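Good morning, colleagues. Please keep the display in view as I speak.

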Amino acid sequence: MKLLFDFFPVVLFFIVYKTHDDPHQGFMYATAVLIVATLVQILVMWLRERRVEKMHVAVLVIVVVFGGITLALGDPLFLQWRPTIVNWLFALVFLGSQFIGSKNIVRRLMESRVKLPDPVWTRLNASWVVFFGLCGTLNLYVVYNFDIDTWVDFKLFGLMGLTLVFVLGQGLYMMRHITPEEDASGTG
């Protein structure tokens with residue numbers, strides 16, 4: 001459910017874009033909707049949890065800045081760069097977490113639910129760094145080698161599909177390495 005919530009501004013962007021005959025005009029309207037939807041998303045997070053994660057705030061700032069420049073200049077390229085910047089930012093955060101603190105980000109997020117050997121946590125975190133880096137690069141490839149319609153489709157279906165496949169692959173990899181916990185009696 002959280003994944004769907006995270007993608008709802010992108011889905012709204014897609015719907016608004018696809019409902020316009022003129023790709024440029026549709027992109028501008030969709031960009032405005034994306035900015036508003038991302039603001040609403042942050043507001044809902046705040047109302048539900050009384051806090052907003054730093055990465056969500058960073059994404060909001062990037063959407064508002066690059067979306068605002070796109071609207072002000074009428075140039076879709078600025079917003080098209082947003083997925084690359086966000087993915088590369090995520091890659092840097094995951095990479096930095098490997099060296100700052102005692103646990104990387106993947107371990108901090110999942111260790112309470114899954115027990116894995118230390119090297120597996122390191123490989124999982126490193127794979128996220130590579131995944132985010134590649135997604136950012138792939139986005140630029142699509143931006144500069146295909147038309148805007150293709151990019152809009154790729155943004156929703158391509159990146160979301162890649163993310164779902166990657167998460168499933170991560171789950172399968174983790175299942176192979178889960179260490180059983182001892183039962184309450186300590187007899188394991």
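By a nonpolar core I mean a set of buried Ala, Val, Leu, Ile, Met, Phe, Trp, Tyr and Cys residues joined through side-chain atoms within 4.5 Å. Buried means under 20% relative accessible area, exposed over 50%, and partly exposed in between, with a 1.4 Å probe and protein chains only. The model is predicted: local features need pLDDT of at least 70, side-chain atom pairs count only at pLDDT 80 or more, and totals for chains, interfaces and linings use all residues. Residues are numbered from 1 along each chain as its sequence is written, and side-chain values use heavy atoms, with hydrogens and water left out.

The largest nonpolar core holds 42 residues, and Phe-13, Phe-27 and Leu-124 have the most contacts inside it. Two or more residues come from each of helix 1 (2–18), helix 2 (23–49), helix 3 (54–73), helix 5, helix 6, helix 7 and helix 8 (148–177). Helices here are DSSP runs (H or I, at least four residues), numbered from the N terminus.

Contact means heavy atoms within 4.5 Å. Setting aside neighbours within four places in sequence, Leu-124 is in contact with Val-106, Leu-116, Gln-170, Tyr-173 and Met-174.

Is Thr-31 buried or exposed? Thr-31, in helix 2, is buried, at a relative accessible area of 0%. Not counting residues up to four places away in sequence, Thr-31 touches Phe-13, Gly-67, Thr-70, Leu-71 and Leu-79.

Met-110 belongs to helix 6 and is partly exposed, at 24%. Beyond residues up to four places away in sequence, Met-110 touches Trp-121 and Met-174. Glu-111 lies in the loop between helix 6 (105–110) and helix 7, and counts as buried at 17% relative accessibility.

Finally, the helix pair. Helix 5 (residues 82–97) and helix 7 (residues 118–145) pack at about 160 degrees, their axes 8 Å apart. Helix 5 is therefore roughly antiparallel to helix 7, a term for angles over 145 degrees. Axes are lines fitted to C-alpha atoms over the stretch in contact, and angles run from 0 to 180 degrees between N-to-C directions. The contact includes Trp-88 and Phe-94 of helix 5 and Trp-128 and Phe-132 of helix 7.

Methods: Parallel < 35°, antiparallel > 145°, perpendicular 65-115°, else oblique.
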